[in-house]
Structures are given as C-alpha cells and as structure tokens.
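Trainee: I would like to go through this model by question and answer. Please show the structure before we start.

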Amino acid sequence: MILADLPPIAGPDVEYALIAPILIITAAAVIGTVVEAVVPRGPRFVVQALVAVVGVVAALVDTVVVYRSLDAVKGSQTARGEISTEGALSVDGPGVFIWGLLLVFALLSFLLFAERRLDAGLSAFTGRAADAPGSAGEAEAQAANIEHTEIFPLAVFALLGMMVFATSNDLLTMFVALEVLSLPLYLLCGLARRRRLLSQEAALKYFLLGAFSSAFFLYGVALAYGYSGSFELSEIDAAVTTRTGSENLLLAAIALMAVGLLFKISAVPFHTWTPDVYQGAPTPVTAFMAAGTKAAAFVALMRVFFVAFGGASWDWRPTIWVVAIITMLLGSLVSIAQTDVKRMLAYSSVAHAGFLMVAFAGAFAGAAGRITSVSSVLFYLTVYGVASIGAFAIVTLIRDAGGEATHLSRWAGLGKASPLLAGTFALFMLSFAGIPLTAGFIGKWAVFSAAWSGGYWSLVVAGVVVSAIAAYFYVRVIVLMFFTDPVGDGPTVAVPSALTTVVIAAAALATVVLGVVPGPVLDLAQHAGAFVR
C-alpha cells in the first residue's frame, strides 16, 4: 500500500470564535513573555501593564459577544451553549458568565499590581527575588529601583488557567488548567517587597499544600477514568447513572477529587493555607486570589459534581452539607480572634466559601420564577469578589514605617484620619455581613433561597445563625475605626494614584448598586442557565 492510498487524517474541529476570549488572554500572556525579553528595563513595567490591561479589556469585550451568541441546547429549557474544541471545553452560559467575571476581577487586580505611588515610586513586588532578605543585593536592587515586571505575564497566565479551569469538559483538561492557574500564583505569593520572609514562607506553604491537593485530584481523575472509561464529564455521568462499575471506585473518585477542589475554595478542613498565604502574599496578589481563584474553582466544583457526578448526588450531598456548616462556623468563629486584618479577611473568605456551599448542597436545578443553585452562586461570587478586591485595595493604603499596617490596633481612629476611606471599608464589611441595602445581603438571600428550594431548609437555618455570628467581627472593625481612640499618632493613610482610587470607587459603587438594584445582574445570572452536558 502506498501513502497516497491512505485516508486523510481529519484535523481537529476547533470553534475559534467561541473560545476567542481564551485565545486573546493566551496571546497577551505570550506577548508579555516576549516583552520581558526584548523591551529595556526602563519602560518595561509600563509596557507590561498596558499589555495585560489591553488584553483583558479585549477579552472582556469578546466575552460579551460570545455570551450573546450562545444558543439554547435542544432538549433543554435552561442550558445554553455547546461543547467545543473536540470535547475539551464547555462554552455554556455559566462558563462564559464566569469568564466575564474573572476578566473584571483581573482588570481591577492588575490596576493594583501597577500601583507605584505607595512605596517610594515602586510597586508592591520585590526587585530581585533571588536576593536573600536583608542582603546587600536586596539593598542594591532597592537603590537602583529594580522591579519584577514578570508579575504581569505570570498573572495573565494564572487568569488563563482560571478561565480554562471553569469551563473544562474533561478531567485531563481541568487538571492541566489547575496547574496553569496554580504555578504562577505560587511564584507571585513569594514576591512581596516588604516582609519578604513572611512572603516566602507563604509561597512555600501554598506550593507544598497545593501540590498535595493536586495529587489528590489527579488520583481521583484516574479512578473516575477507571470507573467510566472516559475523561469526559458526560461519559462519566452516563456511567454513574447506570452504575456500571464498582461502587467503591466511584465513591473513592468523588472523595479524592473533592479534596483537590475543596482545597482551592478554602473549605474546611482544607483551608489551613488560606490565612498564612493571604497574610504573606503581596496584597494585590491576595486580592486577585481571593476573588479569581475562588470563582474559578467553585464553578469547576459545581461543573464536576452537577454534570459528572449528578447521578450520585445522594452519595455526596450529605457530606457537602456537613462541610458547609463546619466551614461557615469555623470561618466565622476564628475570624473573631484575629488581630491582623488580612488574616481576618482570610477567615472571612473561608466563611464565605461555606455560604456558597449552602447553595451547592441544595443542588436546585430550577423552577419557574425561582433562582437556581448555579445562578445564585454566580451572583454571590460577583458581589463577594468585588467587595474583596475593594477591601484589600484599602488595606494597601493604611501604612506605617514597615509598609502596610495590617495589625488591627493600627486601624483604631481611622474614621477620624480618613472618614471617606473608613466609610468605604465599613461598606465592604457590612456587605460581607449581609446587611440589607448592600450586595452581600442579596447574595446571601440568593444562596439561601436556592438551598431552601432544594429541600435543605436546615442548612439555611444554620446559615442564618452563622451570619449573625459573623456580623460581630465585621461590626467590631467598624467600631474600632470610628469609636476607638487611636494608638499614638493614629493610622497613616497613603495617597494612592488614580489606579487604586478607581479600583476602590468601582468596588464601592458595585457593592451599593448590586444591593439596591440587583435585578439586572440576577437576571443575567439566571439567564446563564445550566451547565451544558
């Protein structure tokens, strides 16, 4: 047989228009890598920031175009979109919604990355990571105004991983995306200009625990493949529905994959990395992780459990019910004992993961006029993400001689030193607490409504009780800022550039608008529909 007689090899079928936002972010990351090699050091920081911001804005515009082009799935009243790229990605309503959300979070975070007015004309990132803390090399880099400009392409690569992770339709693609989003974050966490030892410790802890969680996830992927004979979520769902394999193999796969995914959303007992990493990482990176990583990981968690393991929901829902209560309760109680504002916000993040899991445990697919688990989680991620980025942006402005003054005692009297800044931070605290007329209240109402509709009224009752407990430590910070005498000369408030000012103003405006007029975004989240199978 000669080669001419062989049938042609079919090329892959890739819907480039549907995945264009991912391609744009990939291009921005690659261009940033090239810029790092060819642009002189002087203008490189500004060029890298522009490449990252322009790439995110372009991807955001195209995400809107993609969302508007999604068609309803035949045979489904709620799902919109399709499976693309040879089954690797699911470009559906929830996935494209989370693309837009991640891009907005990235845009706000990258503006914080680019802030250079707060630290003698330098960014929050160290000049040379290879120099030992306190060494002559570090002092030399500081004197020469050297900055790590690689932070922008690293962050864009992490954003790329988040976008793919949230829309993966097969487990191998999901694992690769998990590593793509994680590895740059491990590096970014260790690049703080101030308190470098704490930053490096945070990066090492995050790397080691993240590696363990990835191993658990990959082992679960292997067992899921052994059970179903496929990595695709729909094929796994078919095997789970018919129960063609070993029950023990299925339960082991669910448990191991849950460990890897629950680690990323900071659910108890896989939350121990969160306070140390949030405290040690550069605050702009903490803001990016708090909003972006949690959003991507939670949508991936729901996609795996609703699509692949939906037929075994009565096997995993009781466990999620228990984890949700423990996560809410522990995050809220431990937050009360914190004396560092970044650690307090970290445990607050743990508590919010528990509130998100309330809707997840409810697994309510929807009925006429009632909010679903997926749409309620999408809305909650929106309001929590913008408030988190705004809160961490304010943290960067409260300073002392050593940099950011994160000890809560240094925040006493902030209401007198800067009433507007303290009032804005109080707004974010009230939103976290779920006080009416803030976005957080509507977010909690949404997740509790979905859980109630799913029959988990006891979980809703627990959530309401824990919300009352959590309100204590949020109100405590407000009392500290406005009704407590300052220590010594009181807190010092740095004057930021327009970049940080825009981030804080945008986050505050979104928190108020989504609390007073939540309808458009709630409708958009509801319109996103269900996951495509």
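Trainee: In which sense do strand β1 and strand β2 pair?

Mentor: The model is a predicted one. Strand β1 covers residues 81-84 and strand β2 covers residues 89-92. Four bridges join the two strands, and the sense of the pairing is antiparallel.

Trainee: Which residue in β2 is the bridge partner of Ser84?

Mentor: Ser84 belongs to the range 81-84, that of β1. Its bridge partner lies in β2, and that partner is Leu89.

Trainee: Which residue in the hairpin of β1 and β2 takes a positive phi?

Mentor: The hairpin has four residues between the strands. One of them has a phi near 50°, and that residue is Thr85.

Trainee: How many cavities of 30 Å³ or more does a search of the whole structure find?

Mentor: Rolling a probe the size of a water molecule over the atoms shows where empty space is left. With the cut-off at 30 Å³, the search of the whole structure gives a count of three.

Trainee: Which helix gives the most to the lining of the largest cavity?

Mentor: The largest cavity has a volume of about 50 Å³. Its lining includes Tyr380, Val383 and Tyr384, and α14 spans 373-395. Helices α16 (419-433) and α17 (439-453) also supply at least two residues each. With three residues, the helix that gives the most is α14.

Trainee: How many of the residues of α14 are buried?

Mentor: Buried here means under 20% relative accessible area. The helix is mostly covered, and the buried count is 23 of 23.

Trainee: What span does α14 reach from its first C-alpha to its last?

Mentor: At 1.5 Å a residue, the expected value for this helix of 23 residues is 33 Å. The computed span is close to that, at 32 Å.

Trainee: How many charged residues does the lining of the largest cavity have?

Mentor: The lining consists of His352, Tyr380, Val383, Tyr384, Ser431, Phe432, Gly440 and Lys444. By class, four are nonpolar and three are polar.

Trainee: Which helix gives the most to the lining of the second largest cavity?

Mentor: About 40 Å³ of space lies in this cavity. Lining residues include Trp273 and Tyr278, along with Met289, Ala290, Thr293 and Lys294. Both α10 (273-280) and α11 (283-308) supply at least two residues. With four residues, the helix that gives the most is α11.

Trainee: How many charged residues are in the lining of the second largest cavity?

Mentor: Lys264 and Lys294 are among the lining residues, and lysine counts as charged. The lining also has four nonpolar and two polar residues, and the charged count is two.

Note on methods. Residues numbered from 1 in each chain as written. Predicted model: local features only at pLDDT ≥ 70, side-chain atom pairs only at ≥ 80, totals over all residues. Heavy atoms only, no water. 1 Å grid on protein atoms, 1.4 Å probe; cavity = no way out; pocket = protein on both sides within 12 Å on 5 of 7 lines; lining within 4 Å. Points joined across faces, edges and corners; volume = space filled by probe spheres on them. Expected span 1.5 Å × (residues − 1). Buried < 20%, exposed > 50% of the residue type's maximum accessible area, 1.4 Å probe, protein only. Pairing = 2+ DSSP bridges.
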